[in-house]
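Keep the structure open as you read.

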Amino acid sequence: MLALFDTLLQAALAGLFITGDVGLLDWHAANASVLALLVALEAIAAFLVWRPGRGPIGPFLLAVGLLVLVGVQQALGESRVLAGHVPLGMAIFGIGAALTYRSFSYAYEEGSK
């Protein structure tokens, strides 16, 4: 859930930057590293649910995909490719929301695989 909130913060920082507060671009860039760290921790947690916890693999795959997309997003942002950066940011938020939903709706069943 922290990664999802941080993704929303990224969008807010970007919006404020675009509307004229140029100083927030540095905050947006710095927060990108925080988001990458949070998504990496999310992927580790999803792995632990999947492998030792015998949970579903879906959240782990979503988290790894999200981690890759965040890396691509950072590269697009640093290159100032806004035509890809903005829509990908929206996709990252959507995938993060789906992952958060799945994490809160998961019910572990003893003996399930």
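Thr 7 is buried, because its relative accessible area is 10%; buried means under 20%, exposed over 50% and partly exposed in between, with a 1.4 Å probe and protein chains only. You will find Thr 7 in helix H1, where helices are DSSP runs of H or I with at least four residues, numbered from the N terminus. Apart from its neighbours within four places in sequence, Thr 7 is in contact (heavy atoms within 4.5 Å) with Leu 35, Ile 92 and Phe 93.

A word on the ground rules: this is a predicted model, so local features need pLDDT of at least 70 and side-chain atom pairs count only at pLDDT 80 or more, while totals for chains, interfaces and linings use all residues. Residues are numbered from 1 along each chain as its sequence is written, and side-chain values use heavy atoms, leaving out hydrogens and water.

A cavity here is a set of points on a 1 Å grid, over the protein atoms alone, where a 1.4 Å probe fits but cannot get out, and lining residues have an atom within 4 Å of a point. The largest cavity holds about 50 Å³ of space, a volume being the space filled by probe spheres set on the points, which are joined across faces, edges and corners. H1, helix H2 (24-50) and H4 each give at least two residues to this lining.

Now turn to Phe 93, which sits in helix H4. Phe 93 counts as partly exposed because its relative accessibility is 32%.

Note on methods. On a 1 Å grid over the protein atoms alone, a cavity is a set of points where a 1.4 Å probe fits but cannot get out, and a pocket is an open set with protein on both sides within 12 Å along at least five of seven lines; lining residues have an atom within 4 Å of a point.
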